[in-house]
Amino acid sequence: MNTTGRGVIVQDQGIGFDPVDDEPSSFRSLRPILLEYWATFQRRKLVIAAAIALSLAAGVVITLLTPSQFTARTLIQIDREQKRITNVESLDPETAARDAEFYATQYELLKARSLAERVVRRLNLATSDSFFAAHGAQRPSAAGAKSNAKPGGSKAVDFEAATGLLLNNVTVTPVRNSRLVTVSYESRSPAMAASVANAWGQEFIASNLDRQFASTAQARKFLEERLEALRERLEQSERDVVNYATDRDIVKLQATVDAAGRTTGSQTLTEADLVALNEELNKATAERVSLQGALSSKSDSTVAGISSPVVSQMRQARATLAAEYAKLLIQFDPEYATAKAVKEQIDSLDRAIRDEISRIARAQREAFRNAEVRESELRRTVNNLKEELRRQQKATIQYNIYQRDADTNRQLYEAILQRYKEIGIAGTVGVNNIAIVDAAEIPKSPSSPKLINNLGVSLLAGIGLAFILVLGLEQLDQGLRDPAQVK
């Protein structure tokens with residue numbers, strides 16, 4: 001028996017159907033699932049072929065109607081550490097360049113709107129009709145777009161439109177496991193694509209330098225304010241030191257500043273005077289002791305023992321006369337005129353010697369008294385200086401506080417001044433960690449559309465469409481194709 005349902009014939013091949021057959025479905029003879037799919041394909045092959053052919057035809061038409069796009073690429077190298085031309089530390093700590101998010105930040109900066117705006121200004125794209133034509137658009141102001149809502153009129157509208165086109169057609173692709181990144185730009189004009197790609201890399205380098213200069217300018221401004229405040233504090237602290245020293249009569253000598261900026265080796269005038277007068281006092285004491293020892297002897301010979309050339313000459317002359325007188329006494333009487341004359345000379349020399357020794361003794365006693373007076377005066381002066389020094393030492397405590405405050409302010413001022421000079425030097429030298437490895441060249445062949453790729457996509461789309469159509473038709477089909485479906 002043959003049963004027909006919507007063009008599908010099911011032959012029972014001698015199998016009877018009982019409408020009240022309660023045999024479980026597990027014992028029924030079912031076709032394998034792949035045979036079911038094959039049967040479906042055989043039934044719907046025309047629909048499948050038509051869907052795929054239609055999709056391929058649409059892909060070819062779309063490919064032929066789509067304008068050619070050209071892609072230009074610029075290869076940029078981004079180093080973590082900056083190349084230092086000067087031995088001056090940068091404002092940012094070196095650990096900041098080693099952070100994991102460093103390159104992610106650079107990639108986002110490459111896609112920043114501010115960078116696109118710099119490229120628009122550099123190439124003057126807002127007023128370029130060829131730029132808008134290269135993207136299949138028209139300049140808004142030339143198309144008569146209303147611009148009253150934007151400050152700046154039509155120029156602002158054109159600028160915004162050009163910026164949006166740049167952002168929509170630029171692509172940033174990092175090269176894996178390297179410091180390189182590719183900046184691609186796509187447009188209908190190969191020359192425009194290469195021009196924008198090159199300008200993008202150049203402006204990225206310029207924006208990086210501008211950020212460095214901006215941070216340097218901010219740092220310089222901050223340091224200038226700090227320097228002015230510290231200069232005033234330093235002047236006030238040094239003024240306090242001088243005023244306090246003047247009020248307390250503290251005069252510092254030989255003050256030196258060490259490498260750390262601290263005032264060391266300072267000596268007051270009182271200390272210097274005390275040291276000098278103490279040395280003079282020691283000398284005066286030694287002189288007084290020496291004169292006192294000489295005067296303590298009662299012997300004329302001891303007193304005359306002081307080296308006096310006059311006494312020595314007179315003693316030598318007396319010895320000569322005494323010898324001559326002794327010879328005369330051997331032959332003549334003491335009353336002899338010659339002997340008497342010699343004796344008178346001897347007596348005269350004795351008187352002269354005694355007078356000279358007496359004069360020397362008086363001079364020694366006078367020198368001793370003068371030494372005592374000088375020693376006493378020096379001792380009194382030294383004692384007064386000691387009292388003055390003790391008073392100054394008490395006052396020096398506060399003086400040292402003022403001095404340390406001045407030294408600290410001076411150290412801070414000099415350190416910030418040095419940093420200010422270093423930043424000024426670094427700010428005048430363009431130090432960059434970004435370089436263009438390969439500049440974009442004018443592409444010779446279009447990057448899209450690609451017929452093979454589009455046909456592949458169309459084929460997949462056709463298969464999908466065919467699957468949907470077959471699935472829909474199978475759901476709508478009410479024909480019987482299996483004896484088990486009769487019940």
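A: In this predicted model, the bridge partner of T171 is S184, which lies in strand 5. Strand 5 covers residues 180-187 and runs antiparallel to strand 4, to which five bridges join it; strands here are DSSP runs of E with at least two residues, helices are DSSP runs of H or I with at least four, and both are numbered from the N terminus, while two strands pair if DSSP finds at least two bridges between them. Strands of a sheet pair through backbone hydrogen bonds, either parallel or antiparallel.

These two strands belong to an open sheet of four strands, ordered 4-5-3-10, in which the pairing is antiparallel. At the edges stand strand 4 (170-174) and strand 10 (434-438), each of which pairs on one side only. On average, and with direction ignored, neighbouring strands of this sheet are turned by 30 degrees against each other, where axes are lines fitted to C-alpha atoms, for helices over the stretch in contact, and angles run from 0 to 180 degrees between N-to-C directions.

Helix 2, residues 102-110, packs on the sheet and touches strand 3 (70-78), strand 4, strand 5 and strand 10, contact meaning heavy atoms within 4.5 Å. The direction of helix 2 makes about 145 degrees with that of strand 3.

Residues are numbered from 1 along each chain as its sequence is written. Because the model is predicted, local features need pLDDT of at least 70, side-chain atom pairs count only at pLDDT 80 or more, and totals for chains, interfaces and linings use all residues, while side-chain values use heavy atoms, with hydrogens and water left out.
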